[in-house]
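Hi,

Here's the structure I said I'd pass on.

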Amino acid sequence: MSPDRKFLNMLGIATKAGKVVSGEFATEKAIKEQKACFVMVAEDASQNTKKLFTDKCSFYEVPIVICSSKEELGHAIGKASRASIAVTEQGLANAIAKYFDRNDMEVV
């Protein structure tokens, strides 16, 4: 696995720990309830989806990154393709965010 994809392994660990919600409805709900610590949206998600989550995360001050494909995100958590994922535990969110900082990917 390339270095810029190692965060997918951490995402799998977070899923096993029960600290991940996925899918647009569940992710949006976690953001609104201030349970989301870090949000990932697939690069191949629709422009409306990207805008929705960028706006919500900006308003609720949740870090967000646009990365990977829906297939990769879904596979990382053992599910079908997912356009959005939220990590709900701060320590795991910080660990995953570090991979983006190291690889000069923008966390908004």
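In which sense do strand E2 (residues 38–42) and E4 pair, and over how many bridges? They are antiparallel, with four bridges between them. Strands count as paired if DSSP finds at least two bridges between them. The strands (E, at least two residues) and helices (H or I, at least four) are DSSP runs, numbered from the N terminus.

Before you go on: this is a predicted model, where local features need pLDDT of at least 70 and side-chain atom pairs count only at pLDDT 80 or more, while totals for chains, interfaces and linings use all residues. Residues are numbered from 1 along each chain as its sequence is written, and side-chain values use heavy atoms, leaving out hydrogens and water.

Back to E4 (residues 84–87). Strand E1 (residues 20–22) also runs antiparallel to E4, joined by three bridges, and Val-20 has Val-87 as its bridge partner there. (Buried is under 20% relative accessible area, exposed over 50%, partly exposed in between, with a 1.4 Å probe and protein chains only.)

Leaving aside neighbours within four places in sequence, Thr-49 contacts Glu-24, Val-41 and Ala-83, where contact means heavy atoms within 4.5 Å. Thr-49 is buried, at 6% relative accessible area.

Cheers
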